[in-house]
Amino acid sequence: MSGNESALKSSIKLRAIYSILDEKPVSEIMDHLKIPEIIELQKFIWDLAVEFGIKVRGKKFTRKDITRKMPSTTEYQRSVGCGEKIYYCKSTHCINSNPECATQKIKQQVDCMADSIREFMKSAKSNEILA
Amino acid sequence: MRIGEVVVFGTSNIEIEQFIEAICQFIQQKDNKICYANLEINDQLILYLYGIQYQDQPETIAWDMLSNKVLGYIFIFNWYQPESLNQIMDLLDYVNEKCAAPIIFAANVANQPSPLPDNLFQDGISLNFNEKLLFCRAGDSATCKKALVALLDIIIDKL
């Protein structure tokens, strides 16, 4: 009878936000999560990063403000020596067949998203000072 | 007159009482683990705020008495004391399994700076349609009332 029917507990989301604002890697809380939780956490942090981006940059915000720090799919595959087709890595195809590798990639992405949130916050703080 | 009940959970009695007093002006009754105050909205509606100190296991709380009528919960914790957050997490997972009532996480920054700039997320960060995180200063009427208003907003949005 929960108000939150997703696979991801609210306590994990709260810990993720705490990590972001406390300037710690979000990936550190992901080690004990199950695959569905990892996927949901990635989506939650992405949505949060977009929300921060829009609030701070308004119409100037683009996805690239968040993704520019992430290694490209090609770069990641090369770094781990993966020979699978690129779309396997882009989507969540690999998450069930190669959970460790897919999780590692998602961890990197989540930490990059967290970094972008912190950059948006710094930007907002300087706007506050200038205002 | 209609009555609405809100439960304020926290790990520190002092923090809970400061929070409730900031909203209701004074605590009407208290013992070592529970305090109570009310807030008259108008001649038709009054809110009862119950402050409960959480220290043990969630199973020790009388949920059958609390959860049937409660409008929602406010979990107050000290942002700068990680142990305070960890204790609240245990309770949160338990509450999520037992009840569908909305929850506001009121992160008390006391006299320290808020980690969020004042011009961002004034109304809180949504965890889902039913739960939000807000920063407040226990004892500061404006920020504590904002937490209560955020709870009421979730309830109204669900109607």
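Predicted model: local features only at pLDDT ≥ 70, side-chain atom pairs only at ≥ 80, totals over all residues.
View 1. Residues are numbered from 1 along each chain as its sequence is written, with chains lettered from A and ligands numbered from 1 in the order in which they are written. The two helices, α1(A) (residues 10-21) and α2(A) (residues 35-57), pack at about 50° with their axes 11 Å apart (axes are lines fitted to C-alpha atoms over the stretch in contact, and angles run from 0 to 180 degrees between N-to-C directions). The crossing of α1(A) past α2(A) is right-handed (the near helix is turned clockwise from the far one by less than a right angle). Look for Ile12(A), Lys13(A) and Ala16(A) on α1(A), which meet Glu37(A), Leu41(A), Phe44(A) and Ile45(A) on α2(A) (contact: C-beta atoms, placed from the backbone, within 7 Å). This contact has five nonpolar, no polar and two charged residues (Ala, Val, Leu, Ile, Met, Phe, Trp, Tyr, Cys and Pro are nonpolar, Asp, Glu, Lys and Arg charged, the others polar, Gly among them).

**View 2. Phe120(A) is buried, because 23 other C-beta atoms lie within 10 Å (buried: 20 or more; exposed: 12 or fewer; partly exposed in between).** You will find Phe120(A) in helix α7(A), residues 99-130 (helices are DSSP runs of H or I, at least four residues, and strands runs of E, at least two, numbered from the N terminus). Setting aside residues up to four places away in sequence, Phe120(A) touches Phe52(A), Gly53(A) and Val56(A). Ile66(A) is 54 residues from Phe120(A) in sequence, yet their C-alpha atoms are 9.7 Å apart.

**View 3. Eight strands of chain B form an open, mixed sheet, ordered β2-β3-β4-β1-β5-β6-β8-β7.** Strands pair if DSSP finds at least two bridges between them. The edge strands β2(B) (29-30) and β7(B) (125-128) each have a single partner, so one side of each is left without a neighbour in the sheet. Six bridges join the parallel strands β1(B) (residues 2-10) and β5(B) (residues 70-78). Here Val8(B) stands opposite Ile74(B) of β5(B). Helix α1(A) packs on this sheet, touching β6(B) (103-108), β7(B) and β8(B) (131-136), with its direction at about 150° to that of β7(B).

**View 4. Chain A meets chain B through 19 residues from chain A and 24 residues from chain B.** On the chain A side, α1(A) and α7(A) are the elements that give two or more residues. The most come from α1(A), with seven residues. By class, this side has seven nonpolar, seven polar and five charged residues.
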